[in-house]
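User: I am new to reading protein structures. Could you take me through one, feature by feature?

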Amino acid sequence: RTRCPLSGDAASSSASSSIDMAVGSPEFERVDSAFGAIKDWNGNLDEFKMETDLTKVCDPEELAEMRKHFEELIDAYTYKFSPGDRVTGLVLSVGKRGAQVEIGAKLPAFCPAYEAAVNSQANIRSSLKPGTEREFEVIEAQRRGESLWVSARVVDSEIAWRRVVQLYNQNTVVKAFVKASTR
């Protein structure tokens, strides 16, 4: 029985590996055939189709064991988020309606444009920039779906109120303009 070249123990030490993976060797040809005919590809991405048949590389029992282990790892690192949880997120992209934010969930979270800043009139692209990391709060999603919704506005608003309380406790005089009031 041959060892699966995809398993961690076969790939852990390339110098001491007994598998000959040189181009043209029988083992190389077996792995190459399992991952499709890359050598016959003409370079056009529209025509490229790669079919992977891992049963050509590993026996079915070993493949089933590897899949089970992989599913256990996915389950072990699946986080459960609830409204009110604070998370650090990386802004992936920003559009007119909102931003996609990577927070460690299965799918990126969505930050609607009206939740991007305390000032609801602010341009979302000035509030959130792709590639920046910041704190968000998980909020209730307005629409059903798998994507979580997050808010930067809630976090910024809380920080602003803490600053107001701090200035009040220090008896600091602040000049401000009242733009609106509620009864």
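Analyst: We can start with a contact between charged side chains. The side chains of Glu137 and Arg86 meet in a salt bridge, with 2.8 Å from N to O. The two residues come from distant parts of the chain: Glu137 is in strand E4 and Arg86 in strand E1, 51 residues apart. Keep in mind that this is a predicted model.

User: What makes a contact between Glu137 and Arg86 a salt bridge?

Analyst: The general idea is a distance test: a side-chain nitrogen of Lys or Arg has to lie within 4 Å of a carboxyl oxygen of Asp or Glu. Here the N to O distance between Glu137 and Arg86 is 2.8 Å, so the pair counts as a salt bridge under that cut-off.

User: Which other residue does Arg86 meet in a salt bridge?

Analyst: The side chain of Arg86 also meets that of Glu135, at 3.7 Å from N to O. Glu135 is partly exposed, at 34% relative accessibility.

User: How many salt bridges are there in the whole structure?

Analyst: A search of the whole structure finds six. Some of them share residues: Arg86, Glu135, Glu137, Glu158 and Arg162 are linked in a network. Another salt bridge joins the side chains of Asp156 and Arg134, at 2.8 Å from N to O. Asp156 sits in helix H5 (residues 153-169) and Arg134 in E4, 22 residues apart. At 24% relative accessibility, Asp156 is partly exposed.

User: Which strands form hairpins, and how many residues lie between them?

Analyst: E1 and E2 form one, with three residues between them. E2 and E3 form another, with six residues between them, and Gly104 in that turn has a positive phi of about 100 degrees. E2 and E3 pair in the antiparallel sense over four bridges. The bridge partner of Gly98 in E3 is Pro112.

User: Which non-glycine residue has a positive phi?

Analyst: Asn171 has a positive phi of about 55 degrees although it is not a glycine. Asn171 lies in the segment after H5. With a relative accessible area of 68%, Asn171 is exposed.

User: How do I read the inside of the structure?

Analyst: The largest nonpolar core has 15 residues, and Cys111, Leu128, Phe136 and Val150 touch the most other members. E1, E2, E3 (109-112) and E4 each supply at least two residues of this core. The largest share, three residues, comes from E1. Leaving out residues up to four places away in sequence, the contacts of Phe136 include Val87, Val91, Val101, Cys111, Leu128 and Val150.

User: Which way do the residues of E3 point?

Analyst: Ala109 and Cys111 point one way, while Phe110 and Pro112 point the other way; all are buried.

User: Where is there a nonpolar patch on the surface?

Analyst: Leu73, Tyr77 and Tyr79 form one, with about 360 Å² of accessible area together. Tyr79 is in the loop between helix H3 (60-76) and E1.

User: How should I describe the chain as a whole?

Analyst: The chain has five helices and five strands, in the order α-α-α-β-β-β-α-β-β-α along the sequence. Of its 183 residues, 23% count as buried. Among contacts with a separation of 6 or more, 51% come from residues 24 or more positions apart. The chain exposes about 14,000 Å², and carbon and sulfur atoms supply 53% of it.

Methods
Residues are numbered from 1 along each chain as its sequence is written. This is a predicted model: local features need pLDDT of at least 70, side-chain atom pairs count only at pLDDT 80 or more; totals for chains, interfaces and linings use all residues. Side-chain values use heavy atoms; hydrogens and water are left out. Buried means under 20% relative accessible area, exposed over 50%, partly exposed in between (1.4 Å probe, protein chains only). Patches are made of residues with over 30% relative accessible area and no salt bridge: like charges are joined within 9 Å, nonpolar side chains (Val, Leu, Ile, Met, Phe, Trp, Tyr) within 5 Å. Accessible areas come from the Shrake-Rupley method with a 1.4 Å probe; for residues, only the protein chains shown count as cover. Two strands pair if DSSP finds at least two bridges between them. A nonpolar core is a set of buried Ala, Val, Leu, Ile, Met, Phe, Trp, Tyr and Cys residues joined through side-chain atoms within 4.5 Å. Contact means heavy atoms within 4.5 Å.
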